[in-house]
Amino acid sequence: NDSLRVNISEIIAFIAGVVFAYITNKLYVFNSKTTGKKDLFREIASFFSCRIFTEIISILMMNAAVWFSINDILMKVVSNIVVIILNFVFSKILIFKGNKNLK
């Protein structure tokens, strides 16, 4: 089934993208120094949860473009801007909040 293959590939790409984003954000953007398995698990779970939430927002915004006949390319640009801002804010305030190195 082509639809199933597309969905599976989208899920794999999303997971790979979030894992890559977590590692780069942890090491290079927020310089996170989490210690202990519990804190690391909380950090990873929070990161994935926030990324899933912003992906849902992106999907809803793209559906809104269809429902209200808004240009899909324009909405994708706006959606990406919203998602990037939300991802940064969530990372700074919720996920890597213990790190004060980034002002």
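Visitor: How much space lies in the largest pocket?

Guide: This is a predicted model, and its largest pocket holds about 350 Å³ of space. The lining is made up of 13 residues, and those closest to the centre of the pocket are Glu10, Ala13, Phe14, Val18 and Glu55. Rolling a probe the size of a water molecule over the atoms shows where empty space is left.

The chain has three helices and zero strands, and from the N terminus on the order is α-α-α. The helices are α1 (2-29), α2 (37-67) and α3 (72-95), and each of them supplies at least two residues of the pocket lining. The helix that gives the most to this lining is α1, with seven residues.

Along the principal axes, the C-alpha atoms fill a box of roughly 45 × 35 × 20 Å. Of the 103 residues in the chain, 25% are buried. Contacts between residues at least 6 apart in sequence include 64% that join residues at least 24 apart.

The accessible surface of the chain is about 7400 Å², and carbon and sulfur atoms account for 72% of it.

Note on methods
Residues numbered from 1 in each chain as written. Predicted model: local features only at pLDDT ≥ 70, side-chain atom pairs only at ≥ 80, totals over all residues. Heavy atoms only, no water. Helix = DSSP H or I, 4+ residues; strand = E, 2+ residues; numbered from the N terminus. Buried < 20%, exposed > 50% of the residue type's maximum accessible area, 1.4 Å probe, protein only. Contact = heavy atoms within 4.5 Å. Areas by Shrake-Rupley, 256 points an atom, 1.4 Å probe, with all protein chains shown as cover. 1 Å grid on protein atoms, 1.4 Å probe; cavity = no way out; pocket = protein on both sides within 12 Å on 5 of 7 lines; lining within 4 Å. Points joined across faces, edges and corners; volume = space filled by probe spheres on them.
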